[in-house]
Structure formats: C-alpha cells, structure tokens
Amino acid sequence: MSSINLNFKVVFARWYRAPELLFGTKQYGSGVDVWAAACIFAELLLRRPFLQGSSDIDQLGKIFAAFGTPTSSQWPDMIFLPDYVEYQYVPAPPLRSMFPMASDDALDLLSKMFTYDPKSRISVQQALDHRYFTSAPLPTVPNKLPRPAPKRESKNSDFDPNDGPTVLSPPRKSRRVTAQPEGFEGGEIRQPAGENTSRNEHVPMSVDFSIFAAKPPNRPTINSADRTHLKRKLDLEFQHPEESMR
C-alpha cells in the first residue's frame, strides 16, 4: 500500500480519524479511508455516531475503550509515531456487545476494517470483495431503493397574496368622523339618547378640531368694563350680604 507524504494530519472529522492520524503521523495511505468507512458502517448499524471524542486524546480513549488498548504485537510501529502517548491497558470487549443486531459477516468485516496497524488493515478492494456484500440478506437493487417524492414544479413566484391564514376574529367596528357630528357641543361629545351606554368607552381628553375642517370655538373672555362691574358687585355682596339676599 503506497503512502502519502503530507505536512498536516487533520484530514477527517475527529470522530472518523484513524488512530495513526491521532498519533500525528504524516505518512498515511488508503487505510485512513478504510477506518473512516468503518466508523460510518458502525454508525449505520447503531443509528448514531460510534466514537464521539471531544479532543484527540479523548478520541483515542474512546477507540481504546471500544477495541482495547493496542499492544506492541498488534501495532509494532505505534511507539514511533510523533504524538504517541502511552495509555493504560484496557482489554477489548466482545464486538457483539456493541453491535448485538449485526450479522457474523458484518462483525467480521468491521473487525478487519478497525485493525489498529494500517499495514495489517484490510484494503479497500478486499473490503468490497468481502462475503458480507454477497450473503443474505442481499442488498437492494438501486432502482428499487426508496426515493423522495418529486418536487412540485415551481412557478415564477411561489408567493400568492391570497394565501395565508384566515382571520377568525370579527372585524372591529369602523368609526366615521363627520364635519359637524351630532351631539358635539362646546368641545364635548354627548351620548345620544336611547343608545346603549353600558360599555365604558374612553372619551379622548382632547379633540383635534382640524379633522372637522372648522376652527375651535372661541373661549369666553371678560373685558375690562365687565371685570370692573363684577368686582364691584362681589364687594357689595361681601359688605352687605343681607341686601344681596333680598
């Protein structure tokens, strides 16, 4: 298997990286693709991501917890990788305990794709020729696979102003303002006789007279002569109250 020289190791999302990438190798081949495909295969069987590490160190811990800590006999070149860190030994649990619904052929293929040593890992062609793909149940013929419903042919614009939710609440009563409304006297609005007044309708504190196309009524004033006469009358009432009572 030919290897590729690269100056970086981030070639997959962390959950799908092979352990040699997590240990900092700069020379790798198609074995990293086989490992990533195995992660996707396991995800399809579990219907969730298989190895969900939060960092490179945590990702290696997740891998070793699932398949056991690799030994020098399993992966001789491991200790020579740039970022190699020794982990506490953990034995490998049975593969069927993690994939109880998988067939024997599926477990055999997974175990060969998840081999630690990239030199011993199954190749892409060997994985495609594995008996899993020819054993029952056979894969569905591509033209019989379920397909999404075809999309509706869109017009120039899918927006229709007539579409939309229907207003269920009754419309508010409209109010009409006339030039000289009945019941308007001296800046006050009086309720016509015989109309229902049980509801408390708020009357505005001030009225904008410009909407009536008329000037506001003149405010009453007292001229100087009337003011003098009124002052004299008030003085007489306070001085001779008995005369004002006659």
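## Overall composition

The protein chain holds eight helices and four strands, where helices (H or I, at least four residues) and strands (E, at least two) are DSSP runs numbered from the N terminus. Read from the N terminus, the order of these elements is β-α-β-α-α-α-α-α-β-β-α-α. This is a predicted model, in which local features need pLDDT of at least 70 and side-chain atom pairs count only at pLDDT 80 or more, while totals for chains, interfaces and linings use all residues. Residues are numbered from 1 along each chain as its sequence is written, and side-chain values use heavy atoms, with hydrogens and water left out.

Among the contacts in the protein chain with a separation of 6 or more, 60% come from residues 24 or more positions apart, contact being heavy atoms within 4.5 Å.

## Helices α2 and α5

The axes of α2 (residues 31–46) and α5 (residues 104–113) come within 9 Å and cross at roughly 145 degrees; axes are lines fitted to C-alpha atoms, for helices over the stretch in contact, and angles run from 0 to 180 degrees between N-to-C directions. On the α2 side, V34, W35, A37, A38, F41, A42 and L45 meet A106, L109, L110 and M113 of α5. By class, this contact has 11 nonpolar, no polar and no charged residues, with Ala, Val, Leu, Ile, Met, Phe, Trp, Tyr, Cys and Pro counted as nonpolar, Asp, Glu, Lys and Arg as charged, and the others, Gly among them, as polar.

The buried residues of α5 are D105, A106, L107, L109, L110 and M113, and what covers them includes α2, α4 and α6 (124–128).

## Helix α3

In α3 (residues 56–67), the buried residues are Q59, L60, I63, F64, A66 and F67. They lie on the same side of α3, because they cover an arc of only 165 degrees around the axis, the arc being that of the directions from the helix axis to the C-beta atoms. Their cover includes α1 (19–22), α2 and α4 (95–98). After α3 comes G68, with a positive phi near 85 degrees.

## F50 in the loop

F50 is found in the loop between α2 and α3, and counts as buried because its relative accessibility is 13%. Leaving aside neighbours within four places in sequence, F50 is in contact with C39, A42, A66, F67, M98, F99 and F114. F50 and W15 are 35 residues apart in sequence, and their C-alpha atoms are 7.8 Å apart in space.

Definitions and conventions. Buried < 20%, exposed > 50% of the residue type's maximum accessible area, 1.4 Å probe, protein only.
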